[in-house]
Amino acid sequence: MKNLLTLFLSICIVLFVASISLAQETDQRLMLEAGIGYGSQIEALGFQGGALYQINEQFRVSADGIYYLTGEDSNGVEFNWLEFNTNGHYLFANRESMDFYLLSGLNFTSLFSDSANIRLPGGDTTDTVYVGLNIGTGAEYSLGAVNAYLEGKYALSSANQLVLIGGLRIPLAR
């Protein structure tokens, strides 16, 4: 687990340094994002990585994945939780260097374990992929070469979960 965290932090540092050197040349239409979040159903921290594309001044689309640290079922059996999201953002307010947005999209959640005895929400096995709808809101603050963001969303599915995420968005050059 320490190796995964070290790799994640190393990638974030490299992307941050690269974005600073490219900051003068970017139109900020395509951004990479990296964050740390918390999932209410699994009750664990997760690491997020993804990309965001600005369509116009009010709309953008994003795709990301979140890997949550190990959780336990009601019998104490360990399992992992992985989710993929595709979201649309509607930017409804801009205050100085701060943008506020609503989001909605699709959520695909998969749970997996080394144990065959695990029982998940609803009695499902680890072969189940939950498909749901994301609904949420977020705020993004410009720090110059990068943007910091906070996002809250609720995944409506059989694996209902509130997710709170904070991280950085790094613009890429054309």
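Trainee: How many salt bridges does the structure hold?

Mentor: Happy to start there! This is a predicted model, where local features need pLDDT of at least 70, side-chain atom pairs count only at pLDDT 80 or more, and totals for chains, interfaces and linings use all residues. Residues are numbered from 1 along each chain as its sequence is written, and side-chain values use heavy atoms, leaving out hydrogens and water. With a salt bridge taken as a side-chain nitrogen of Lys or Arg within 4 Å of a carboxyl oxygen of Asp or Glu, the structure holds four.

Trainee: Why does the pair of Glu 140 and Arg 60 tie together parts that are apart in sequence?

Mentor: These two form a salt bridge, with their closest N and O atoms 3.2 Å apart. Strands here are DSSP runs (E, at least two residues), numbered from the N terminus. Glu 140 lies in strand 6 (residues 129-142) and Arg 60 in strand 3 (residues 59-72), so the parts they tie together are separated in sequence by 80 residues.

Trainee: Is Arg 169 buried or exposed?

Mentor: Good one to check! Buried means under 20% relative accessible area and exposed over 50%, with partly exposed in between (1.4 Å probe, protein chains only). By that rule Arg 169, like Glu 140, is buried.

Trainee: Which residues do salt bridges that share partners join into one network?

Mentor: Arg 169 bridges to Glu 140 at 2.4 Å between the closest N and O atoms. Arg 169 also meets Glu 151 in a salt bridge, at 3.3 Å from N to O. Through shared partners, the network joins Glu 33, Arg 60, Glu 140, Glu 151 and Arg 169.

Methods:
Helix = DSSP H or I, 4+ residues; strand = E, 2+ residues; numbered from the N terminus.
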